Amino acid sequence: MALKIQAIRGMNDLLPEDTSIWQQVESVLRQTVASYGYSEMRMPVLEQTGLFSRAIGEVTDVVEKEMYTFEDRSGDSLSLRPEGTAGCVRACLEHNLIYNQEQRLWYMGPMFRHERPQKGRYRQFHQLGVEVFGLNGPDIDAEIITLTHDLWQKLGISEALTLELNTLGSAEERANYRAALIAFLEAHFDALDEDSRRRTHTNPLRVLDSKDPGVIEVLKDAPSLMDYLGGESRAHFEGLKRLLENAGIKYVINPRLVRGLDYYNLTVFEWTTTALGAQGTVCGGGRYDGLVSQLGGSDTPAVGFGLGLERLMLLLLTLNKVAVKPAVDVYVVGAGENASLYQATVSASLRAALPDVRIMNHCGGGAFKRQFKRADRLQARVAVICGEEECAARSVTVKDLRNAGAEQVTLSLDEAPAYINKLLHS
Ligand code: ATP
Ligand code: MG
């Protein structure tokens, strides 16, 4: 036998029992973003590499070590998108969506990062992204956070998630803070790990995000960005906190929350859980007012988030909040000489009358017993029997498979749909 080819490490197949759950969750996500009036964007998964290095920052984990970058046959450097914001901004600029107008957008799809695969961390993963352009107040920051909070409530997982909040101030405030932080890190250089030492001069704020216990200890005495904020930044942050309190959304301030991408300013937030081990951040986002102009547009305020769907699914499964749904409601069985012809006619007429009902036609014939076993295995609710007599009378016999004591009822093809519908909803 030939050697089997396997999937790429960290890239998952979703099997029918997975897609059953994904579809249920995706429909809650789509319904929720639509209920806020947001519109969908679909961007390509490949972009020019330069887009990401410019948007995300050269000295970030994502661009330094995680991108899938290659030269295509024309010699252009392309990368699989590691996140959606850069591509969304690129598309909006290219199609003139954000010049002098506001946009509230969402997208859903695969992202790619060459990371070490583990629970909750994959090389192809999926995000729901939300991006808002053209609004600069804390009201819109609060709105997108409220939207995520609505999602947790609808999915029944609010109790398991904590909102962590921080503000990164303006670029100028951050520059002043950066200088103070570098001085502090230099004074404690011996206690830093290699990554943090390297970042001290390239991207010192990222050191705040270090997971190294020694570095965390040192950082306890580090200067705080809060002390470097001016009046406007403070007012924005206070406004956001007031709006969240008004919406009944609890938060904790985490002064060390800086996020992994360089483009953020003012508001940053993460929804974290302790139920998934090390990969505890389910959703993260913030304000990125500088990015649009950095990518060649005019000054445009912007705010958004990315929600990791694999981590969301893991959390829902851990907390027993979703279950696989059977794919079939009605199983059509038959016997007799013309069974396959009559079954096909019956299935077609039922599908036409009941477009939302999942109707599977038994194929391959065989004894009724075997056909009913198949219906059981599929967890179908109703069997529709097309025997010799039914075929002759142009009728069907309908059997409730969840209620062993119930009588079978023989009905005309016209009467059957209403009766089946009633059974499915009883
Ligand atoms: P982490 O700190 O866990 O690496 P991140 O800061 O790199 O996350 P973002 O770039 O903010 O993550 O992406 C937003 C969300 O996408 C994360 O909160 C997470 O839920 C999800 N995510 C990011 N990377 C992965 C991955 N490799 N596999 C699965 N989900 C991921
Ligand atoms: Mg990461």
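Residues are numbered from 1 along each chain as its sequence is written, and chains are lettered from A and ligands numbered from 1 in the order in which they are written. Because the model is predicted, local features need pLDDT of at least 70 and side-chain atom pairs count only at pLDDT 80 or more, while totals for chains, interfaces and linings use all residues; side-chain values use heavy atoms, with hydrogens and water left out.

Figure 1. Helices (H or I, at least four residues) and strands (E, at least two) are DSSP runs, numbered from the N terminus. Along the principal axes, the C-alpha atoms fill a box of roughly 90 × 60 × 45 Å. The chain has a radius of gyration of 28 Å, whereas a compact globule of 426 residues would have one near 22 Å. This radius is taken over C-alpha atoms, and the globule rule is 2.2 Å times the number of residues to the power 0.38. Of the 426 residues, 50% are buried, where buried means under 20% relative accessible area, exposed over 50%, and partly exposed in between (1.4 Å probe, protein chains only). Among contacts with a separation of 6 or more, 70% are between residues 24 or more positions apart; a contact means heavy atoms within 4.5 Å. The chain exposes about 21,300 Å², and carbon and sulfur atoms supply 49% of this area. Accessible areas come from the Shrake-Rupley method with a 1.4 Å probe, and for residues only the protein chains shown count as cover.

**Figure 2. Ligand 1 and the 14 residues that surround it.** The closest of these residues are R113, E115, R121, R259 and T281. A residue is near a molecule or strand if one of its heavy atoms lies within 4 Å of it. The shell divides into four nonpolar, five polar and five charged residues. Here Ala, Val, Leu, Ile, Met, Phe, Trp, Tyr, Cys and Pro count as nonpolar, Asp, Glu, Lys and Arg as charged, and the others, Gly among them, as polar. An oxygen atom of ligand 1 is 2.8 Å from an N or O atom in the side chain of R121, and an oxygen atom of the ligand is 3.0 Å from an N or O atom in the side chain of Q127. V282 takes part through its backbone, with an N or O atom 3.1 Å from an oxygen atom of ligand 1. On its own, ligand 1 has 580 Å² of accessible area, and the protein covers 90% of this. Strand 6 (124-133), strand 10 (281-287) and strand 11 (302-308) are the elements that give two or more residues to the shell. Strand 10 gives the most, with three residues.

**Figure 3. Helix 4 (residues 85-94), a mostly covered helix.** Eight of its 10 residues are buried, namely T85, A86, G87, C88, V89, R90, A91 and C92. Their cover includes strand 2 (46-48), helix 2 (49-56), strand 5 (103-112), strand 6 and helix 11 (291-294). After helix 4 comes N96, which has a positive phi near 60°.

**Figure 4. Y107 in strand 5.** Y107 counts as buried because its relative accessible area is 3%. Not counting residues up to four places away in sequence, Y107 touches M41, M43, G84, T85, C88, Q127, L128, G129 and E131. The side chains of Y107 and E131 are joined by a polar contact of 2.5 Å. A polar contact is a pair of N or O atoms within 3.5 Å; within protein, one must be able to donate a hydrogen and the other to accept it, and residues adjacent in sequence count only if both atoms are side-chain atoms. The side chain of Y107 also reaches the backbone nitrogen of T85, at 3.3 Å.

**Figure 5. S53 in helix 2.** S53 is buried, at 15% relative accessibility. A polar atom of its side chain lies 3.4 Å from the backbone oxygen of G50. Beyond its neighbours within four places in sequence, S53 is in contact with E58 and V63.

Figure 6. The buried residues are L309, E310, R311, L312, M313, L315 and L316. They pack against helix 1 (16-35), strand 5, strand 6, helix 5 (138-155), strand 10 and strand 11. Just after helix 12, N320 has a positive phi of about 60°.
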